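Open the model in your viewer and keep the selection tool ready.

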Amino acid sequence: MPNPLPLALRRSLESGECVLFVGAGIGGHLQGEAGRFAPDATSLAKEIAEEFSIETTNYILPKITQVVTIRKKGKSELVAFLQRRLEGLDPDSKLRWLFTLRWKAIFTTNYDNGIQRAYDLNPSPSQTPVTIAISSEIVDFDPRFQVPIYHLHGNLFGESNPSIVITEDDYVRYREKRRMMFNVLQKEFATSTALYIGYSNQDSNWKVVFEELKTDIFPTQLPPAYRIAPGTDQLDKEILESQGIETLDLSLEDFVEAASSELTEINVSWDRINRIRERIPTDLIDSFERFPAATTRLLTCWSYVNQENFDEVPNIKSFLFGDRPNWALIAKRIQFERDIEEQVYNGLLDYATGSNNIPKIILTLGPAGYGISTLLMSLAVELVKDHAGPVFMHKPNTAIREGDLEFAASIFPQRPFFIIDNPAEHNSTLGSITQRLRDAGKTACFLLGERLNEWRQTRARLAGDEYVLDPLSDPEIFRLIKVLEENNSLGLLKDLDDNFRHAAIKQKHNKELLVAMRETTEGKAFDAILEDEYRNIADAPSKDLYLIVSCFHQHGALARDTLLADLLKLPIDEMYRKTRDSTEGVIIYECLDESYGHYAARTRHRLIAEIVWQRCGNLGEREKIILSGITSLNLTYRIDRESFDNFIKSDRLVDCIRTLEGKTQFFDSAIKKDPDNPYVRQHYARMLLRQNRSELALGQIEQGLQIAPRERILHHTKGVILYEMAMSNISIEIARKRLVQSEGEFRRCLAMNNRDEYSWQSLAELFLSWAKKAPTLEEATDYIRKTEEVIEEGLRSVRSREGLWVTSSKVQQWVKDEPSRIEFLEKAVSENPGSIIAPYLLGRAYRQNGAIKKALDVLKTVVKANATEFRSCVEYSRALIEYGEPYSKAIAILQLSTLYGYSDPRFIATLGGMLFMNGDFTAAAKVFEETTKQQFPGPEQKTIQFRPPDPKNKNLSCRFAGEVLSVKSGYAFIQCYGYPEFFCPGSNFSGIILRPGLELTFEPGFCARGPVADKLALP
């Protein structure tokens, strides 16, 4: 009879709180069809050496496999051999018994599916296994019913192209991946006892795992641990015991015998089930009794609106300051009704009362901050009040699974409604779900709400009934005033009558609803309100926290509280204690997983997050947050994976890093996090291309193509890089070779998908650019012909023709055919009215050709739908001035897009110049100060971007009379009465030697640094 188990281990096993580590030493309990047992590391190394004819007496597995990959120039043959060797392994009765116990988590360095097979053979398993490998996609699991199996070195089965850690290079390549898995152990299972089985002291994996655990968890103490290992040397036992690991001199058979006799009967923890049942809506209790795991998983990601808490206190104050409303606020109709609500609701009722079994899609679209989320919640409550059917609303930042929706559609006799805010990121999943419902003969209604521009940019988006949320109408403004009045939130509007209140809001009605509410009631620009809020936070940790959370939430992602604590370098309880009061109502914490107690932070609104990130904190602070953020993300968490994807895809975020060294550090960290992700390499290449490092960019995209050689978008990016190399190379012969290579990549993309509009346009742009670069007129003419042929063929092949029409207009511009250029731009706009680029180009062309009224008409549509599109706002405001409108009207348009406009020197020069010409000199000076904050390169700061037209003749530039105030070495200042002084970038112009008191005339111009005197002349 083996020695009794230690009491602490026994209690941990009985409670299901133990974490199990499994090594190759269990191979003697796994047997294949031919009667062969699973090998340990040394035996496997010998078999591989024999298979691949490697002569050696040094059977070290990483070294042997490294040689195989060198000789075979890859791992495909090695992986195929390992799959043949390790497939079909069945556990014996001892190993099967081990997995009848409940485990908190299982970590293994084995490549096979022996553990999963043990669960498969159990007719009534206490848990369902969920496999998580270093290369697998993010997998969600419910710890109340499932157990995660972390394959630290990869899993050979269940993936089409498995990645495993076996060679010496692999141990380096996937080091960060394993560190992230150990970080999960530290964060989630820090108090759990660990049990190691199948690891001898001579096992190389044991040494690697143990050393990495100590390194990654340091300075945290390792959890109490036990190791099942017979025949361990006494000195080794003593060393391990000093490090918190007690070695039990037992074989697996001995351990099973002792445990099976000593452990009390393992129950399924009815207390746990009952605690879960208490939170299940009564309508779903029957479903929970029959399918507890499926019901619990559904409610983790979806709110069952029919039985939400409508009786809690409405969150009126936080709602009016930008946060999402709670269900009680919506149920009491405290929000004001939008004009389109009735139209959308009628569409929902048509579905509820219809007989068509095809899934229905209803889309509500509008710019950011227009109240889409509130509208969706309002419609959900109306459906509940009218007993239209079961209504589920997706919880932000959680997964959308086909199985959950199919399950929800099957448990009610009535037709279900699924409401999703921000569905663009789930577009492909929703397409799959609707198809599965059709195939199963089931129906559902999907009510989707999304930012207009994000939905328009989604490729292969779902088709459905579209309703667009417009700026506030007159009736909506009066309803909004009523809500503000009833809740004592009128602010500066309090002492005005309804007409003046209406006029104040109407003045800002093209702005986001949230912006209009705050600006009219507080009398400040929204940016300034948020900057004041940020500056008034007293303590540094709370300010830092607000900025970090804004960095994440501007992309719609939440930030884990444990991640935030790491970034602030504070223990999590201290982080909450120090920042709770200062950030109350500013930072909102959402519960992501009740079973683990996972919480994540967000701001009240994504628009607020964007403004705080752009306007608060200096460039150094933002750069530090970005670099530390990418380093600290743990991709085993779904929420961190979403943030990671947003980070690497955002050019705007990456370009906040000022130096190439910093940007390179960012992407090097990203590659360590996800070494098998080709898109990290793609965005790395794009960054290098923006930095004019085309050779380095080509190297990165080549590495991405080694990972995913059939990925069309990677070939397109390679084509773009080669295109830039062809156009920038001085040698015409080298450039010509790059031209051919670039064309080959775009042709390859078209061979993969002949309807790819981006590849058609890129190929046409390539030929057009070469026509401009060609050394002879004959060659230039030939490439113009090729350009037109590509455009013509592309127009016949693609669905979205906007880009090709734009390229066609560029051809006409280059050959000096302005009427044709405008005609092609008009076609591009008419075929894609929701686009941004084509109307911008068309409006600019109209303005430059003097068709000011046409320019205003086409640009107005863009500005209304995309107020943050600052280039269109600049063109629109200039057209207004040239049309004879007052500066105040043009300034109001520019102020719609300051969020991103301040990152552009042309925008700053135009807005500052118009404020200056309008007599708002203090406001103009503040705008010009943005140039210092943005740290633009010198030439961008000094270039004149805006020249005011003559008030009497808009075709001429304005001229002022003035006198020289002072002359310095190489520059001067000129005084024009009624205006602040103008900077003159010189002291000698066309023979005019400047001296104090000299009278002259000049054209006022504006660069990003301020007013400039240009084109000087004597009176």
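Two strands count as paired here if DSSP finds at least two bridges between them. Keep in mind throughout that this is a predicted model.

**Stop 1: a six-stranded sheet**

Start by selecting strand E11 (residues 360–366) and strand E14 (residues 445–451), which run parallel and are joined by seven bridges. For one of these bridges, pick Gly366 and look across to its partner in E14, Arg451. Now widen the selection to the whole sheet: six strands in the order E10-E12-E13-E14-E11-E15, open and with mixed pairing. Which strands sit at the edges? They are strand E10 (302–304) and strand E15 (465–468), each of which pairs on one side only. Neighbouring strands in this sheet are turned against each other by 20° on average, with direction ignored.

**Stop 2: a strand covered on both faces**

Next, select strand E4 (residues 105–108). In a regular strand the side chains alternate between the two faces of the sheet.

Strand E1 (residues 19–22) pairs with E4 in the parallel sense over four bridges, and Val19 stands opposite Ala105. Strand E6 (residues 146–151) also pairs with E4 in the parallel sense, over three bridges; here Ile106 has Ile149 as its bridge partner.

**Stop 3: the cysteines**

Cys616 is buried, with a relative accessible area of 1%. Cys445 is another cysteine to click on, and it counts as buried because its relative accessibility is 1%.

**Stop 4**

Move on to helix H31 (residues 638–649). Its twelve residues reach 17 Å from the first C-alpha to the last, close to the 16 Å expected at 1.5 Å a residue. Buried residues in H31 include Ile639, Asp640, Arg641 and Glu642.

Bring in helix H33 (residues 660–673) as well. The axes of H31 and H33 come within 11 Å and cross at roughly 145°, and the crossing is left-handed. Show side chains to see the contact: Phe644, Phe647 and Ile648 from H31 meet Phe666, Phe667, Ala670 and Lys673 from H33. Phe644, Phe647 and Ile648 are also among the buried residues of H31.

**Stop 4: three single residues**

Select Thr579, which has its place in helix H28 (residues 572–579). Thr579 counts as buried, because its relative accessibility is 1%. Beyond its neighbours within four places in sequence, Thr579 is in contact with Pro541, Ser542 and Leu545.

Then go to Gln202, in the loop between strand E7 (194–197) and helix H9 (204–217). At 66% relative accessibility, Gln202 counts as exposed.

Thr781, in helix H39 (residues 777–797), is partly exposed, with a relative accessible area of 48%. Its C-alpha is separated by 10.0 Å from that of Leu768, 13 residues away along the chain.

**Stop 5: two hairpins**

Finish with strand E19 (residues 960–968) and strand E20 (residues 971–975), antiparallel and joined by five bridges. Lys968 stands opposite Tyr971. E19 and E20 form a hairpin with two residues between them, and Gly970 in the turn has a positive phi of about 90°.

From E20, step to strand E21 (residues 982–984): the two run antiparallel, with three bridges. Ile974 stands opposite Phe982. E20 and E21 form a hairpin with six residues between them, and Gly978 in the turn has a positive phi of about 95°.

Note on methods: Residues numbered from 1 in each chain as written. Predicted model: local features only at pLDDT ≥ 70, side-chain atom pairs only at ≥ 80, totals over all residues. Heavy atoms only, no water. Buried < 20%, exposed > 50% of the residue type's maximum accessible area, 1.4 Å probe, protein only. Contact = heavy atoms within 4.5 Å. Axes fitted to C-alpha atoms, helices over the stretch in contact; angles between N-to-C directions. Expected span 1.5 Å × (residues − 1). Left-handed = near helix turned anticlockwise from the far one by under 90°.
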